[in-house]
Structure formats: structure tokens, C-alpha cells
Amino acid sequence: MAEPVIQTKGLTKAYGHGEKRTLALENLDLTIQPGEIFGYLGPNGAGKTTTIRLLLDFIRPDAGSATIFGQDVRTSSVELHKQIGYLPGELNLWKNQRADRIVSYFGNVRGMQDTRYAQELAERLKLDMTKRVRDYSTGNKRKLGIVLALMHKPRLLILDEPTSGLDPLMQQTFNQLMHEVRADGRTVFLSSHVLSEVQAICDRVAILRDGRLRAVESIEKLTHVDFRWVTINFRDAIPAGMGTELEKLDGTSHFSQNGKSVRLQLTGDFDPVIRAIGGGYVTDLRVQEPTLEEIFLAFYGNGSAAAMQQEA
Ligand SMILES: Nc1ncnc2c1ncn2[C@@H]1O[C@H](COP(=O)(O)OP(=O)(O)OP(=O)(O)O)[C@@H](O)[C@H]1O
């Protein structure tokens, strides 16, 4: 097994004291392998940013430890930062500076010979770098942050909510960039509170809630849960009693009927449904995979996925 890129053991962090004490992160054990795109998901206040700040040694843990590339994040932070591209949740850069100046400044600091890749990134993200940061929209600030995080092709990207504020087209460009990073054998750790945004890019996702890790699953495994949505349209009125019969079948749930159409969630074999609808003329039958939100709901059943969606 290759050496993990990120490994945390019992990582714990509380803010404040006494009655005001908030346990932001509790006993986090996480291992991220080279070449992974790892999604770190959770609703607001779950502890995602706290984890990222601990990894970057911006704050210190109350207990536990973390390594990046096998090196302790506390003792080797200077060395490690050179190998990490970091996108903060909020970009508070020199607001009066033009973006291209900031890019060349970062290029110099990082000892880069040329910043052509930064130009390419800006073009692909449709970011006009001749503007001052204060004139940028939230989405454009985020794009600049992405350029700054990616421009030196770091071995590890740590991105705090990279896609918030990006329109769907730019999100696709971002996804493409992440796939290129992975194809290079580099690693991405990204946080998000929108499951659907990371579904298309991540290899594995972790779910964090109230400072605790609730689950770590591969996207592939999650998308292989054994239920699907079935919608059946009939040409004529739904035959008497058919709805009740469908609803009572062993593998069906969430049954609903609307005019000449029925929708249900099906677990297991299709045959009982086929038999039950035999008495009607079926004009259309559609089978849909569940969304990641629904999968998590089915997996953990405590409303966490629904809550995440609401807070998204
Ligand atoms: N500097 C701080 N002082 C006190 N409490 C804090 C501080 N930073 C974070 N917290 C609290 O710690 C908890 C975790 O916050 P954190 O910012 O890590 O969550 P998050 O998952 O990143 O959420 P968001 O999506 O809103 O950024 C929250 O209850 C938050 O209020």
C-alpha cells in the first residue's frame, strides 16, 4: 500500500471554554490515498473548515495528530505548504490589486519560471485577470482562488467549498480540471455541502456532521444501492385495485399515483411489478437511479441527507 497522502488520528478540536465550548471536531480518523479525489461533505458548522485549518497547521488540535505525505503537519508545515495548493473558503486577498499581479506575485514566491499554466486556467475558467479583486463577483473571486491553488501543479490540493458560487458550466470546467489533476497522479481533498456537486468528481466521500465522521464510502459503492425509482404511465385510467396491489408488494415503497401515472421505489426483483401491471396498457416505463442524497438517506436513515439538502 502506498503511503497515504493525508492521515489523521484522533484529531480533535474545541473552540472556547466553559459554557461557550464548541467541540468542532471529535476524534477524526481519516486516510486519503494518492491519486484520490476525496469529497469531504457536511452541512454548515460540521467541522470541515476546522479540519482543513488543522491540516494546514493554521490552528492546533486539542488531541490527535495529522500527517501529510508521512510528515507531521505541525513540525513540517513550512515544507508541506510548498507542496499544497490551498483554496480558502473565503478569499480575502489584496482587494486593490489586479488579479494578474497577484498571480505573478504568487509565481515569484513559489519560484516559478513561467505562469503560462495560470493563464490557461484563467482562460478556461473565463476569468478576466486584468481586473482588481474588489471588482470581482463572488464567483470570480472563487475562480481566482482556483487559479492560485492550481497554478504550480501541487501534489495535493486542499479546496474549501471550491464550487460554491460557480455556475453549472464553470462547475463542469472545474470537474474537468480535477480529473486532469487526478490523471497526473496528484491528490485532491475538497469540502462541500452539496452532495450532487461532488458526485461527478469524487472517488470517495466522507460525511461529517456535528464534528464527527459519520461515513466514508466510495462513490461507486454508494451508487450501487439496491433500489431505484420506477415510473409507469398507462394509456387509460389505472385499472381498479392495481394501485393498492402495487403498494402492497414486498419490494415497493414511496408509492404515489397521479392521473394515469404511478411512481414507486423498488427494491429487489422487477417481476412482481410486471405481473401487477399486466392488466393495464403501459405506454411508458422509466427506471431511475436514486440520487446521492437519496442513497445517503437510505444508507443512514436518520434524515442527515435531507438536512444537508435543506441547508445547501
Ligand atoms: N474561531 C472559532 N471560534 C469559535 N467557534 C468556532 C470557530 N470556528 C468555527 N467554530 C465553530 O466550530 C464548528 C465547526 O465549524 P467549521 O467552520 O469547521 O464548520 P464547516 O463544516 O466548515 O461549516 P461551513 O460550511 O459553514 O464553513 C461550528 O459550530 C462553528 O460555529
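Predicted model: local features only at pLDDT ≥ 70, side-chain atom pairs only at ≥ 80, totals over all residues.
User: Happy with that. How is the protein divided into domains?

Analyst: Domain bounds come from an automatic or database domain assignment. Here they give domain 1 (6–222) and domain 2 (227–289). The centres of the two, taken over C-alpha atoms, are 44 Å apart.

User: Now the strands. How do I read pairing, and which strands does β3 join?

Analyst: Strands of a sheet pair through backbone hydrogen bonds, either parallel or antiparallel. Strands (E, at least two residues) and helices (H or I, at least four) are DSSP runs numbered from the N terminus, and two strands pair if DSSP finds at least two bridges between them. Strand β3 (residues 37–41) runs parallel to β8 (residues 187–192), with five bridges, and parallel to β9 (residues 204–209), with four bridges. Look at phenylalanine 38: its bridge partner in β8 is phenylalanine 189, and in β9 it stands opposite arginine 204.

User: Are the faces of β3 covered or exposed?

Analyst: In a regular strand the side chains alternate between the two faces of the sheet. A residue is buried if 20 or more other C-beta atoms lie within 10 Å of its own, exposed if 12 or fewer, and partly exposed in between, with C-beta atoms placed from the backbone. In β3, five of five residues are buried: Ile37, Gly39 and Leu41 on one side, Phe38 and Tyr40 on the other.

User: And what is the strand order in the open sheet of four strands?

Analyst: The order is β2-β1-β4-β5, with antiparallel pairing. β2 and β5 (71–72) are the edge strands with a single partner each, so one side of each has no neighbour in the sheet. Two bridges join β5 to β4 (residues 63–68), and threonine 67 has aspartate 72 as its bridge partner in β5.

User: Last one: which residues come nearest the ligand?

Analyst: A residue counts as near if its C-beta atom, placed from the backbone, lies within 6 Å. Of the 14 residues around the ligand, Tyr15, Ala24, Lys48, Thr49 and Thr50 come nearest. β2 (22–32) and α1 (48–55) each give two or more residues to the shell, and α1 gives the most, with three.

Terms used:
Residues numbered from 1 in each chain as written.
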